[in-house]
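Let's walk through this structure together, one part at a time. Please keep the model open beside the text as you read.

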Amino acid sequence: MNYLVSVVIGVAFGTISRFVLLRTDFRQYPSYPQGRFIHLSFGFIAAFIGAVAVPSVLESNWTAVTFLGLAATQFREVRKMERDTLEQVDLSELVKRGTPFIEGMAQAFESRNYLVMFTALITTLLTVFNIWIGILGGIAMLFIVKFNMSGTLLNAIADISEGEIRFEGANLYVGDIHIKNVGLKVNRKIIMERAVGVIVTPKNENSIVTLSHLGQRQAMLHHVANVLGCYLDSGEPSFIPLSKRNMDDGRLGLFIMPQEKDFKQIKTVLEHVPVLDSAIRLPSEGDKGKRK
């Protein structure tokens, strides 16, 4: 009973932090209300585990601590669950997310449960000594959690500009970057009327390698199709959005068939595409054998 108030406050702040981290945006995932309820329930369990760990340690109840550690490892199943669900959903997408994007989302859901657990643990620990300090600590943890919610966006590593859609015979180009061959004249006519070309220019050598990642490029195409729609149906390979790379300077050419042909909107969407953890490369940090 001596620790009841501390645990309740810790669980409360931990659960609130999971609510802060939970957002159903244009991707419509997690779904509402079932998906949100599932993740809030997991958040409550994570908060409870983090909160009761403090009195267990203070009372030298090492058996309970061992059990709590075992329970924490079960959150790895959250990652597997999200991965499996998203892979099944992706089968029905006209423009797919891609495996790296799915893995990044699954990893984020797992890591957020650990953030919730840590928030509850810190809040409970501070509340044991002083309730008001614990409440202030919980509020501070909410800000820290909110700060860690978003990562690097595409506009931090690349410049985005419009590219001219043009044909040389049956070959489709975005600017000077060759995209693909389109054989039917009727499809070429539709592409000239509705397609939008985008040139993504990396800002440094790290960005060149990061943008070459196929998963990162697929994430760009998926975001545009998800937000602005896509002039595409099954069985129409000529209209499938594609990305191609200029291998000399690392620029990307994106071929997009949006429902709304407005480059300003497309640019805004692309600027807010997250940079995938699995795509980040730092060749500038490596020893290339150069000697001054």
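**Cores, sheet and helices**

The largest nonpolar core holds 45 residues, and those with the most contacts inside it are Leu154, Ile191, Val198, Phe255 and Leu270. A nonpolar core here is a set of buried Ala, Val, Leu, Ile, Met, Phe, Trp, Tyr and Cys residues joined through side-chain atoms within 4.5 Å. Buried means under 20% relative accessible area, exposed over 50%, and partly exposed in between, with a 1.4 Å probe and protein chains only. Helix α9 (residues 214-228) gives this core its largest share, six residues. Helices (H or I, at least four residues) and strands (E, at least two) are DSSP runs, numbered from the N terminus. Apart from this core lies another, of 15 residues, among them Val11, Phe75, Phe109 and Met117. In soluble globular proteins, nonpolar side chains tend to be buried together.

Before going further, a word on the model: it is predicted, local features need pLDDT of at least 70, side-chain atom pairs count only at pLDDT 80 or more, and totals for chains, interfaces and linings use all residues. Residues are numbered from 1 along each chain as its sequence is written, and side-chain values use heavy atoms, with hydrogens and water left out.

Now find Ile191. Leaving aside neighbours within four places in sequence, Ile191 is in contact (heavy atoms within 4.5 Å) with Ile165, Phe167, Leu172, Val182, Ser238, Phe239, Phe255 and Met257.

Phe255 also leads us to the sheet: Phe255 in β7 is the bridge partner of Leu242. β6 and β7 (residues 252-256) pair in the antiparallel sense over four bridges; strands count as paired if DSSP finds at least two bridges between them. The open sheet has four strands, in the order β1-β5-β7-β6, with antiparallel pairing. Since β1 (158-163) and β6 (242-245) stand at the edges, each has a single partner strand, so one side of each is left without a neighbour in the sheet.

Next, return to α9. The axes of α9 and helix α10 (residues 263-271) come within 9 Å and cross at roughly 125°. Axes are lines fitted to C-alpha atoms, for helices over the stretch in contact, and angles run from 0 to 180 degrees between N-to-C directions. The contact is made by Met220, His223, Val224, Val227 and Leu228 of α9 and Gln265, Ile266, Val269 and Leu270 of α10.

Not counting residues up to four places away in sequence, Thr127 touches Ser6, Ile9, Gly134 and Ile135.
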